[in-house]
Amino acid sequence: MTLIEGLTASMPVLAVLLLLVVLRMPATRAMPLALFMTAMMAWLVWKIPGKYIAASVIEGWIIAFGIVIIVFGAIVLLRTLQASGAIDVIRAGFTHISPDRRVQAIIIAWLFGSFLEGASGFGTPAAIAAPLLVALGFPALAAVVIALIADSSAVSFGAVGTPVLVGITQGLDQPTAAFVQDVAIRAVSIDLFVASFLPLLMVCMLTHFFGEQRSWLHGLRLWPFAMFGGLAFTLPAYGVAVLLGPEFPSIFGGIVGLIIVITAVKTGFLQPKQVWGFGQAATKDTPEQSTQNAPDNQPTQERSKLSAPVNMGLLTAWLPYLLVAVFLIITRVEFLPFKSWLTAVSVGLSDIFGTGISTAIQPLYLPGSLFAAVALITVLIHKLPAAKALGVWKSAAYSLLPTIIALGASVPMVRVFINSGVNAADLAAMPLELANLAVQTFDSSWPLMAPFVGALGSFIAGSATFSNMMFATLQESAAIQTGNDATTILALQMLGANAGNMICVVNVVAAASVVNLVGKEGQIIRMTLAPMLFYVLASGLVATLFFL
């Protein structure tokens with residue numbers, strides 16, 4: 001691979017980093033430009049036929065439409081709950097559990113988000129947890145960053161084990177079920193030493209970047225409880241992975257963790273002596289139109305004016321989120337008929353322009369459709385006037401235009417990158433060429449580099465499952481070439497894919513859109529980049545020291 005070919009293969013990564021992160025362009029401008037640059041170099045240098053590029057763009061638009069449905073459903077649900085006053089009740093309920101923002105972040109983003117990841121995947125945790133944090137009074141930027149960092153470890157077994165059962169299994173050449181199970185157990189074993197520290201990292205970033213005093217120390221002071229919260233998820237997840245397999249570790253890890261941590265908080269176990277809040281700093285990075293972001297030190301009388309008083313019980317207020325959780329589970333398990341019913345409806349195209357490229361989405365099966373259905377149910381159970389509900393849906397639809405532009409460019413760019421294996425330059429697909437170059441360059445230190453390959457796959461493709469499918473064979477081959485244990489190297493591929501989930505463009509655009517932070521995507525990636533690097537480097541070091 002020549003230098004210009006290497007630049008072409010790296011263009012999707014370089015364009016995103018340069019335009020979004022360095023030049024700080026909004027995604028609505030950066031991603032169309034990145035698509036144009038990637039497509040032109042793919043055609044001129046990689047020599048991909050024009051019809052394959054065009055087919056990849058159309059494929060990307062169909063996939064992006066599915067993501068837009070998820071974003072729309074999340075926005076509708078949140079705004080319905082705001083309109084009914086349920087968010088005020090939920091916020092008051094969390095204050096009774098703990099008024100400390102660090103504790104709230106661990107409960108909502110880390111534990112509730114992990115449960116949502118296990119039940120659904122598809123970017124659901126950030127789409128639900130981030131706006132819920134905003135509604136509770138978190139600055140919008142803080143909410144998105146914390147939700148993206150938290151949505152990492154649970155990705156190993158997201159969507160009822162899809163990254164393992166589909167990603168690893170289909171990425172290898174007919175592996176045995178026992179081998180795949182060993183890879184999953186090895187991944188969660190390493191995660192016990194790595195992901196358990198993520199809640200501590202989250203609260204330290206929260207206090208340093210968003211606290212009034214910009215202090216790391218305020219986060220570090222919570223270290224006993226943060227570590228307790230981390231282990232409250234990773235230990236049950238490990239046990240479930242060993243005993244039951246890869247379908248339910250994240251689901252049960254999230255549920256058990258929520259029960260343990262909330263019980264501990266209510267009994268005062270490991271609770272901080274001083275309650276930490278954002279203070280006046282909460283007004284920064286917060287959409288002006290979000291009336292839920294009143295700073296923590298704002299007088300109660302003044303804050304009460306932000307919304308009408310609500311006569312609603314806590315269970316009634318939480319019922320929509322409980323319905324989301326129930327619907328996600330019963331529509332994802334195979335032994336119930338709901339999954340087959342919902343996936344029977346499919347929209348897509350096959351053999352686009354005679355290229356063999358085909359794609360389809362199941363709109364009823366997407367989490368966004370479930371969110372929208374729950375929003376309609378909420379109108380009834382919260383007795384929201386029809387005119388007000390209609391206004392919520394209209395405002396949610398109007399807010400989607402920037403998201404459509406950003407996703408309509410970023411997802412096609414990803415598909416051009418992935419479908420680049422058909423070319424006249426006698427080259428493999430761009431991601432495989434980059435991964436092969438990495439193997440050749442870092443042969444002697446591959447356990448440290450293997451997670452970076454997994455992260456590259458998620459960063460570009462927006463899917464840990466696809467990253468595992470794309471690179472599993474390469475990782476197994478690299479393990480054999482470098483004399484490393486294949487089980488451990490494949491586990492590092494899984495963990496790297498988890499880490500890439502923090503910074504992947506698709507997730508960032510979707511989460512930013514839900515809380516009205518369109519244009520801040522580069523800033524979000526800059527803030528989640530360090531936690532991503534911690535995850536991949538720590539995973540590689542732990543594997544090298546203890547498992548190889």
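**A close look at one helix**

Modeller: In helix α24, the buried residues are V505, V506, N507, V508, V509, A510, A511, A512, S513 and V514. Keep in mind that this is a predicted model. Helix α24 covers residues 505-514, and ten of its ten residues are buried, so the rest of the structure largely encloses this helix. To count as buried, a residue must have under 20% relative accessible area.

C504 is buried, with a relative accessible area of 0%. Another cysteine, C204, is also buried, at a relative accessible area of 6%. What is the number of disulfides in the structure? The structure has zero disulfides.

Now step past the end of the helix. Just after α24 comes N516, with a positive phi of about 60°. N516 is a residue other than glycine, yet its phi is positive. Where does N516 sit? N516 belongs to the loop between α24 and α25, and α25 spans 521-546. Its relative accessibility is 40%, so N516 counts as partly exposed.

R24 also deserves a look. R24 has a positive phi of about 60° and is not a glycine. The loop that holds R24 runs between α1 (3-22) and α2 (27-44). R24 is exposed, with a relative accessible area of 57%.

Next, see how helices pack. Take α4 (residues 86-97) and α5 (residues 101-119). Their axes come within 10 Å and cross at roughly 120°. Therefore α4 and α5 are oblique to each other. Their crossing is right-handed. On the α4 side, the contact is made by F94, T95 and I97; on the α5 side, by Q104, I107 and I108. Sorted by class, this contact of α4 with α5 has four nonpolar residues, two polar residues and no charged ones.

Helix α5 has another partner, α12 (residues 223-244). The axes of α5 and α12 come within 11 Å, crossing at roughly 10°. An angle under 35 degrees counts as roughly parallel, so α5 is roughly parallel to α12. From α5, the residues making this contact are V103, I106, W110, L111 and S114. From α12, they are F225, A226, G229, G230, F233 and T234. By class, the contact of α5 with α12 has seven nonpolar residues, four polar ones and no charged residues.

Zoom in on one of those residues. S114 lies in helix α5. Is S114 buried or exposed? At 1% relative accessibility, S114 counts as buried. Leaving aside neighbours within four places in sequence, S114 is in contact with A109, A154, F233 and S250.

Finish in a loop between strands. F353 is placed in the loop between β1 (347-349) and β2 (359-361). F353 is partly exposed, with a relative accessible area of 48%. Its contacts, leaving aside neighbours within four places in sequence, are K51, A54, A55 and I58. How far apart are F353 and W446? In sequence, F353 and W446 are 93 residues apart. In space they are 40 Å apart, C-alpha to C-alpha.

How values were computed. Residues are numbered from 1 along each chain as its sequence is written. This is a predicted model: local features need pLDDT of at least 70, side-chain atom pairs count only at pLDDT 80 or more; totals for chains, interfaces and linings use all residues. Side-chain values use heavy atoms; hydrogens and water are left out. Axes are lines fitted to C-alpha atoms, for helices over the stretch in contact, and angles run from 0 to 180 degrees between N-to-C directions. Helices (H or I, at least four residues) and strands (E, at least two) are DSSP runs, numbered from the N terminus. Angles under 35 degrees count as roughly parallel, over 145 as roughly antiparallel, 65 to 115 as roughly perpendicular and the rest as oblique. A crossing is left-handed if the near helix is turned anticlockwise from the far one by less than a right angle, and right-handed if clockwise. Contact means heavy atoms within 4.5 Å. Ala, Val, Leu, Ile, Met, Phe, Trp, Tyr, Cys and Pro count as nonpolar, Asp, Glu, Lys and Arg as charged, and the others, Gly among them, as polar. A disulfide is a pair of cysteine sulfur atoms within 2.5 Å. Buried means under 20% relative accessible area, exposed over 50%, partly exposed in between (1.4 Å probe, protein chains only).
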